[in-house]
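Subject: Structure for you to look at

Hello,

Here is the structure I said I would pass on. Please open it alongside this message.

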Amino acid sequence: MFCKNDKKNINQHQLSDKINPLTIVGLILLFSVILTVGEQSQYLFSLIFVLGLLSLFSIKKAFRTICSLLIVWGLIYLLKPHLGNVLIGSIYTMLLIVLKFAPLFILGRVLSSYSSSHLIAAFRKIGVDGGIGIGITVFFRFIPEISIRMKEINNGMKIRGFKASIFKPIRTFELYFVPLMYKCIDISDTLTCSIISKGIEYDGKKTSFHEVKITFIDISMIVGGMILLGASLWKIF
Amino acid sequence: MENILEAEIKSFHYGEDLILKNLKMSVKKGEIVVLTGLSGCGKTTLLRLLNGLIPYFYDGDLDGEIKILGKDITAYKKGELAKYIGNVFQNPKDQFFCDVVEDEIALVGENLGLDRDTLKEKVEKAMDLLGISHISKKSIFELSGGERQKVAIAGTLIYDTDIIFFDEPSSSLDYDSIKHFSEILLRLKAMGKTIIIAEHRLYYLKEIFSRLIYIKDGTICDIFPNGSLSNDKCKELELRTLNERELISEKELIVAKSYIKVNKACIHQGKRTLIEELTFELGKSEIMGVIGSNGIGKSTLAKALCGLSEKYLDVSYGQKQRERLKNSYCVLQDVDAQIFLDTVENELIFCKDKNSESDLEKIREYLKDTDLWHKKTNHPQKLSGGQKQRLAIITSFLSGRKLIILDEPTSGLDYKSMKIMSDLMTEKAKEIPIIIITHDLELLFKTCHSVLMLGDKDYKKISVKGNEALIMDFMDKKGNLLKEKNYVK
Amino acid sequence: MNLKGIVKIAVFSVIGFVLTMGLGFLTGSFGMIPSLYLSSALPTIIVAPIFVIMCKQVGQRGTAFSYFLLLGVFYALMGMWPVIVVCAVAGILAEFVIGKKENYTNKNMKVGIAFGTGMFIYSLHAMYFAFVFGVEGLTKQFPKMFTADYATFLYNFYTPKNILICLLIAIVASFIGAYFGTYIYNKFFSDRKKKSVL
């Protein structure tokens, strides 16, 4: 598990390949209960664990997440003396909720580090297929696409001399979203043609390019999660 | 040899419209057949009937029969055609389902139940054949146009499909990528694949095709075996040229007073400097082409000149970004992102804050010249690709700016549409200079007075007339031409 | 539901998800109280055209349900899995409001109202956090940071009066969203003949 600097990238890849996406899903389910009923010690433990997991996938993402968490924690600390004010109090609570459920969001980021094909393969094993599988793939396919298109539309607006303005919300919406929606209709048609011609409607058993199996690492993670869950539930009773 | 594909179409209707009629064709194994004709002739509909997308995706009423490998196309089970037919669509990026290269290539194998070990082997083999093994784990968003094309083709090699359909494959490629693509086609031909290509650009297929089928008004007008189609015949049928080397410039170099000056402009992309100390001048009625290989910085130059990038540039019409944006207009490659309003006529009317009667008259004239008058109250986003490109160009003409820059205005257009564009540009250039970034040599020779050749950290501006061979050698990357002294100034 | 429809719904739901989440954060950044009152009013208005256009394009029964279900799936991918249940209920209710299959293509206002209904049910997930975790969960997690007084204040927020205000805001937003969606559809996406000014 511990690797030298030069071989870091290769080893990270191999390690993330070894962890089954379903384990991450399982951890999300377990942690959502742990974070609700557990105490501070369980929270800290789960936070450190997921940050460690994220850094196995991408050091950059983990670093950015730690910075964001520190900023939120810092803001909470700063706002605490002013809780008397209702607005400040409500912002404070919002930040607190974000901090409380941070491990879940981080696990979500870990899940999105897998390629969509790998996720579909994993979900297919537990019987989640068809429309939901397509939905998940389209999600990962489209998130970068939307940002690319918005940049292009922005450039187009600059050239035409059209300006976005908060005082003209309907016009601004028309300028940004109408070309975006037309583009999406176009792309969805091409995409559908493409997957039809790649046999997606074939009535037979589907295989997967990615290997999805349960290894010792997965089992130990789930067991670890269950122990943590047990510890937090035990405190209640 | 048996026919791998047979089509006998008495008629095909889409709603009330008759799209195809009395069409009979057959293709033998190992043939490379090119379907060509003007926009709207029905070749795309024919392609969709042959690859099964009609009726699975597109609607329409067919009176006729299509046979693939001797079996009626409707007799195949849903998705089964993927075992025998591969498809490469017009815009490879839009057709990718997965976000990683090797996943996209493996998709067809997964859908049809190929076991993992065989699938892995086939994916590796396909990537090897096309030379894309080094990008197997890359995201599809980081690929160049040529690389995307290769990934799309690799996907068709997983199931050893006998027939591969290409729908206008060169429209999203630049000059270098088209050359690589024709080499790939030869490799596929050597493997015994049967290839059917719907295409406007013919020059890169000259040595490759077995037969060329010319379609007009929904029916086959003529079939040309390789060698029987001459350039003169192409001109007669209003097709794109078959032999680029025969092209000559139709424009005289004009010596005009300098109207636009660019002085020692440095164009960057991120931290990289793409073009150093670019200096050139444009006369008032000059149309200048810009050519160069893939990645050299042509589109980046366009964005810098029109004010989308580079905070400061020493140009005569605006050194700051805001001034450049106000005084120039750039029609980008993807015109969809520059169309905003609810009707075609509004798109033109809102080019200016206030329109006088003569402005409205100009709008009417442009709409009639570009054959868009009957579509003036339609949604501009619902127009066809060629119509949108024409609309984008006349929008730029009506903008009232000092300089117009067009980035690949004729990619994917047939000869007739390209000629309309060329005439419009020639007419407009009487008032203001136009810069055209293009790898469409036919457009270059028809429209441009001069050309700016961009090399690696070097450039040269020369007249087009008299330097045709030099320009074509430059495009073909023959020698260090930018240092050549013997060119016609 | 054919493949064409599924892919189209998936594509539109991704845009809907990005906007809903983004606008939700925007409302939330003003603090707990405004976000409790407004809940999902802003996303309801702004995402309505996307929903209306999607329904017109697909025009099949199950479109609304699939949209909300996918929304829930995307939230689950981000780590918030309980939202799937809320979204599934929202989707079923939206289907119920739309009613007949023909209404998908013929009645834009009904589609818009259905969307507003679904979004209001979806917005209850915010209430879920405030209600259930308000006192016990938060005080337990951060005993030093969080005062019991404030937690109780939050818990007591959900009086019948306040719930009624939330509902009223949601209804108004629903109607505005439906009108906005219909307006955008008619102006940019319909095949209605327009008058020329030339």
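Please keep in mind that the model is predicted.

The interface is the one between chain A and chain C. About 5200 Å² is buried between these two chains, and 80% of that lies on carbon and sulfur atoms. Chain A brings 60 residues to the contact and chain C brings 55. Phe139(A), Phe173(A) and Met181(A) together account for 12% of the area that chain A buries against chain C, more than any other three residues.

Two salt bridges cross this interface. In a salt bridge between Lys187(C) and Glu174(A), the side chains meet at 3.3 Å, N to O. There are also five residue pairs in polar contact across the interface. Several helices of chain A supply at least two residues each to the side touching chain C, among them H2 (21-37), H8 (131-160) and H9 (169-197). H9(A) gives the most, with 16 residues. Sorted by class, that side of chain A has 42 nonpolar, twelve polar and six charged residues.

The sheet is in chain B. It is open and has six strands in the order S14-S15-S16-S13-S17-S18, with mixed pairing. Its edge strands are S14 (328-331) and S18 (458-463), each pairing on one side only. From one strand to the next the twist averages 15°. Strands S13 (287-292) and S17 (450-455) of chain B pair in the parallel sense over five bridges, and Ile291(B) has Met453(B) in S17(B) as its bridge partner. Helix H14 (415-428) of chain B lies across S13, S15 and S16, running at about 150° to S16(B).

Regards

How values were computed
Residues numbered from 1 in each chain as written. Chains lettered and ligands numbered in written order. Predicted model: local features only at pLDDT ≥ 70, side-chain atom pairs only at ≥ 80, totals over all residues. Heavy atoms only, no water. Pairing = 2+ DSSP bridges. Helix = DSSP H or I, 4+ residues; strand = E, 2+ residues; numbered from the N terminus. Axes fitted to C-alpha atoms, helices over the stretch in contact; angles between N-to-C directions. Contact = heavy atoms within 4.5 Å. Buried area = accessible area lost by both parts, 1.4 Å probe. Salt bridge = Lys/Arg side-chain N within 4 Å of Asp/Glu carboxyl O. Polar contact = N/O pair within 3.5 Å; in protein donor to acceptor, adjacent residues only side chain to side chain. Nonpolar A, V, L, I, M, F, W, Y, C, P; charged D, E, K, R; others polar.
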